[in-house]
Amino acid sequence: MEFTKRLLDWYHANKRDLPFRSTKDPYHIWVSEIMAQQTQIVTMIPYYQRWIKQYPTVQHLANADLNDVLKLWEGLGYYNRARNLHKGAQYVVEHFDGHLPASKEKLMEIPGIGDYTSSAIAAIAFDLPEIAVDGNVKRVMARYLNYTENANTRKAHKTFETFLKEALIKSKASPSDFVQALMELGALVYTPSNTTCEGSPFKEMCACYRGENIGTIPYFPKAKPVPVYDMSAFIHIDHNHILMSKDDSDGLMKGLYRLPQTQGHLSEEPMMKLVHKFTHLHLNIYVYETDDVIDHEHYFLIPVTHLKDITIVTAHRKILKKIGYLK
């Protein structure tokens, strides 16, 4: 119980004032957890606030047009998160009468909600004794327990979850506070750069704080090199209209607008260059102005003034901003 006491004492003294911490609404917590995936908290907060204002309930989101949903998400990237939220909201309305169920197992029936998100919603919104193990929690537990094996395996997850669930149940603490405290501790103290765990509320209880395997825990195997693809994007302007494309045959960000593009680079000097990074690939984009009209069934001219009203893939939105066609 000493583990839990120190953890919660630290949390109540140090937790950040985040907008989704002031609610127990499971829908709002669901949105915050999905937005926080692959995105820093400081970046996602204004998106979260705009989202909740526009879609305050599951019903509002379920009834929304997907294009409007994607437009509101624009800039956060990984658009499948928004698509799954929309699809999941429709499922909740159809199967759960518009209310997220107070059960991890039932939550996992909803499209886009997996093991981690279901645990987080169950614990934070419903105070159920579930443990949400994300990257922050893995760092805390691997360092605390001196866990030297691969921290990304199912075995590691089970080890951390078992320890934490036992600590939670024995202490009879609030699962909501317990889970959020672990996440916060990993985000603020047990960071990748703070390898000595300076500021840890556990101090001598923590293996890494005691000096064991400093800088080597948690252990994650080296990722395979990310492939890099050369791409060319084209700017064609005709009487204040710009040529745009909805050709998503590359499988990336389906349904979103983009500039006309091809694989490879031209021999001429581009007007600008941009490297855009996904988790699984990087794009090395050269941008060219062209007077030639490119004929393609998915290409069409739209007024430049309408660019602000459509959802554009992140890399090409950056290009349009840099050359002054978007603010």
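**Cysteines and pockets in a predicted model**

The structure holds zero disulfides, a disulfide being a pair of cysteine sulfur atoms within 2.5 Å. This is a predicted model, in which local features need pLDDT of at least 70 and side-chain atom pairs count only at pLDDT 80 or more, while totals for chains, interfaces and linings use all residues. Residues are numbered from 1 along each chain as its sequence is written, and side-chain values use heavy atoms, with hydrogens and water left out.

- C197 counts as buried because its relative accessibility is 0%, where buried means under 20% relative accessible area with a 1.4 Å probe and protein chains only.
- C208 is also buried, with a relative accessible area of 1%.

**Largest pocket**

- The largest pocket has a volume of about 590 Å³; a pocket is an open set of points on a 1 Å grid over the protein atoms alone, where a 1.4 Å probe fits, with protein on both sides within 12 Å along at least five of seven lines.
- Its lining, meaning residues with an atom within 4 Å of a point, consists of 21 residues, of which A36, I41, D134, N136 and A187 lie nearest the centre of the pocket.

**Second largest pocket**

- About 340 Å³ of space lies in the second largest pocket, where a volume is the space filled by probe spheres set on the points, joined across faces, edges and corners.
- The second largest pocket is lined by 20 residues, and M231, D250, L252, R258 and Q261 are those nearest its centre.

Conventions:
Buried < 20%, exposed > 50% of the residue type's maximum accessible area, 1.4 Å probe, protein only.
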